[in-house]
Amino acid sequence: MTELSQSNTASRSLAAERARKVKAGLRRRHMTEKIFRGLGIAAIVAALGFVALLFTDVLSKGIPAFTQANLHLEVAYDPAIIKLTPAPVREVGQSDAGFEQANLKWRSSLVLLNWNKVLEVAMRKSAPADYDIDTRQLLTIPETNARHILRERYVEDPGLLGKTISIDLVASANVDNWVKGNIDRDLPDAQQQLGADARALTDFFAENGTLTKDFATGIFTNVDSRAAPASAGLAGAFMGSVYMMLVVIILAVPIGVASAIYLEEFAKKSRLTDIIEVNINNLAAVPSIVFGLLGAAVFINFFHLPISAPLVGGMVLTLMTLPTIIIATRAALQSVSPALRQAALGLGASRTQMVFHHVLPVTFPSILTATIIGVAQALGETAPLLLIGMNAFVASVPASPLDQATALPVQIFLWNGNENRNFFEARTSAAIMVLLGLMILLNAIAIFLRTRLERRA
Amino acid sequence: MDVMAGKVKMTQTTVESAMNPTDAPDRSIRIQAQDVKVHYGAKEALHGVSIEIPDRAVTSFIGPSGCGKSTFLRCINRMNDTIEGARVEGLIKLDGEDIYDPSLDVVELRARIGMVFQKPNPFPKSIYENVAYGPKIHGIATSRTDLDEIVVSSLRRAGLFEEVKDRLNEPGTGLSGGQQQRLCIARAMAVGPEVILMDEPCSALDPIATAIIEELIDELRANYTIVIVTHSMQQAARVSQKTAFFHLGNLIEEGVTEDIFTNPINKQTQDYIMGRIG
């Protein structure tokens with residue numbers, strides 16, 4: 001009896017000892033967990049903080065660029081200034097070449113006319129009576145392309161001669177800076193971008209409604225410009241990027257997906273496929289600028305494809321995107337459950353039927369996502385494009401993938417380096433917003449397609 | 001070895017005589033395996049199995065995990081071909097024809113020998129599509145009405161039709177485990193196979209679903225040659241007419257189910273049945 005109770009007490013104290021040890025360990029375990037959780041939360045907060053910082057910076061700088069100082073002028077096409085014979089009309093019996101020559105002569109005399117005078121008259125009309133400002137300073141207020149715009153309006157409609165019409169003109173970048181307060185108004189005259197008289201007149205225009213800040217459609221519709229920075233836009237770069245994306249989608253997606261399917265589903269595992277696999281994985285880690293060098297050496301120097309062309313850019317980006325797509329597609333194929341494959345094979349489906357009827361449909365959403373992520377990555381790539389001449393200044397919208405063009409990220413790079421900092425800082429951020437918008441759109445399409453396809457499956 | 005062969009021979013004669021001849025008209029041997037060895041890479045998983053599988057009867061393979069019974073089952077419709085590094089030696093004949101003959105098309109073979117797997121694995125498609133897929137790829141059904149008929153009759157034979165007739169267009173993955181397995185059986189039957197291999201078809205199912213499947217297997221043996229791998233000795237005893245006991249990659253003993261369970265000749269079989277190994 002006593003023996004039993006003794007052993008009972010002994011075992012009880014042993015159990016208490018064990019419980020105490022477990023408890024001590026528990027405290028340590030909970031502590032570790034708490035520390036880990038804390039670190040995790042801190043990491044997420046830091047990451048979100050950086051993203052928030054980036055977005056606030058881009059948005060706060062970029063949003064003002066979507067409004068721009070515009071001048072609303074009453075322009076008189078005064079015959080006293082525009083002394084011009086009427087546009088040549090084709091005479092009976094005149095040869096093509098003869099008519100062409102007459103036309104050319106007419107156009108060059110048109111260019112030689114003093115369109116700045118027309119502009120000056122219109123501006124002085126809106127200024128206070130007898131305002132004392134010299135012509136040179138006065139003409140720093142509208143953007144330098146204003147005279148071309150006036151001329152083009154006339155060429156479009158020669159009937160304007162002798163009439164007065166109201167025309168909206170973009171104000172110069174310096175005026176835009178002044179109006180938006182991008183330059184310190186208290187700086188001494190020597191450090192100001194505009195002359196004193198021009199500054200005063202700008203303020204007057206802003207007050208009497210001649211100058212207003214309107215939505216800057218030019219950002220979307222115009223091409224890049226150096227002579228007239230206020231009219232610089234993204235249209236060329238945007239189209240360049242769109243063409244490159246098309247090239248990447250047309251080339252990289254079928255090639256990448258087909259290679260992945262072959263390697264994963266059909267190729268016999270051998271030394272060769274092992275080597276290929278290692279190389280594909282290594283290619284994914286190759287710096288993108290190396291692909292640019294390759295593109296310059298192979299596509300441009302060897303195949304003599306045009307320089308600065310979206311086609312070549314797209315091909316270089318294809319090379320860069322292929323490993324991403326192949327690796328992601330293979331991973332997707334590997335994740336398909338063996339049960340599904342066995343079900344198909346067990347029924348007597350051939351390998352091809354198994355792949356195309358059963359494996360691909362279930363992996364399609366992940367392949368699609370991988371593809372769009374790859375394309376989005378390519379869309380944001382800059383370095384390889386610099387090496388194939390896509391950082392050239394191109395002042396036209398490419399009409400085909402073979403025309404010279406630049407791309408959105410390259411445009412951001414170029415604008416960021418522009419010497420008119422206080423104007424182009426906003427433009428750069430605006431371009432970043434357009435690029436991010438395009439990427440968000442792409443990702444949204446990916447998510448939309450993915451959920452749709454998954455629901456159907 | 002000689003003694004062993006003699007035993008096998010003896011049990012076979014008992015199989016022939018013990019089976020009720022009225023149970024099924026054709027009692028001939030359907031599948032013949034001679035000295036089948038399987039290697040996975042360098043490892044030999046099956047050390048020479050010889051067995052004959054009778055027509056229109058249920059043959060069950062029993063044995064502890066890793067004994068090679070599933071491996072051998074998968075040799076019969078050449079599913080081992082799909083495993084990287086698997087190599088099969090020996091001879092397996094279906095109706096006297098070598099199924100490993102290079103001139104034989106494995107796709108055609110699998111149309112003749114259907115398979116049901118351990119875990120129900122319906123395609124992530126509709127119930128109808130699941131059953132119709134086999135006839136479609138083999139070009140068995142020439143018209144939509146033919147296909148409808150095959151689907152309905154297969155589902156009927158699998159005892160599933162009444163339960164799913166109103167939702168044929170709903171996904172097969174939405175059915176219960178037992179229903180899914182019967183769907184897989186219907187899918188296998190839709191191709192019109194002569195032999196159906198079942199690899200532990202009830203191991204993922206509850207007892208009620210298991211009972212339904214066992215009943216179904218019992219009905220199907222009138223028209224099909226069925227080979228079933230099972231972990232459950234009770235199941236083997238309930239559904240099969242012939243039983244083969246595998247252990248460590250060897251076929252230890254085979255014979256009429258009743259004999260194997262009540263009067264095993266080999267010591268290892270006895271131990272397994274008594275629950276001492278496995």
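This is a predicted model: local features need pLDDT of at least 70, side-chain atom pairs count only at pLDDT 80 or more; totals for chains, interfaces and linings use all residues.

Me: Which domains does the assignment give for chain A?

Reply: Going along chain A, the assignment gives a domain at 2–63 and another at 66–223. With the remaining one, the list reads domain 1 (2–63), domain 2 (66–223) and domain 3 (235–456).

Me: How far apart are the C-alpha centres of domain 1 and domain 2 of chain A?

Reply: Domain 1 of chain A covers 2–63 and domain 2 covers 66–223. Their C-alpha centres are separated by 70 Å.

Me: How many disulfides are there over all chains?

Reply: A pair of cysteine sulfurs has to be within 2.5 Å to count. For B:C67, the closest cysteine sulfur is in B:C75 at 13 Å, so that is too far for a bond. B:C184 isn't in a disulfide either, with the nearest cysteine sulfur, in B:C202, 12 Å away. Over all chains, the count is zero.

Me: Is B:C184 buried or exposed?

Reply: The cut-off for buried is under 20% relative accessible area. B:C184 has 2% relative accessibility, so it counts as buried.

Me: Which residues have the most contacts inside the largest nonpolar core?

Reply: That core has 104 residues, and it draws at least three residues from each of domain 2 and domain 3 of chain A. Leaving out residues up to four places away in sequence, B:F72 touches several residues, including B:L46, B:F61 and B:F246. Those with the most contacts inside the core are B:F61 and B:F72.

Technical notes:
Residues are numbered from 1 along each chain as its sequence is written. Chains are lettered from A and ligands numbered from 1 in the order in which they are written. Side-chain values use heavy atoms; hydrogens and water are left out. Buried means under 20% relative accessible area, exposed over 50%, partly exposed in between (1.4 Å probe, protein chains only). A nonpolar core is a set of buried Ala, Val, Leu, Ile, Met, Phe, Trp, Tyr and Cys residues joined through side-chain atoms within 4.5 Å. Domain bounds come from an automatic or database domain assignment. Contact means heavy atoms within 4.5 Å.
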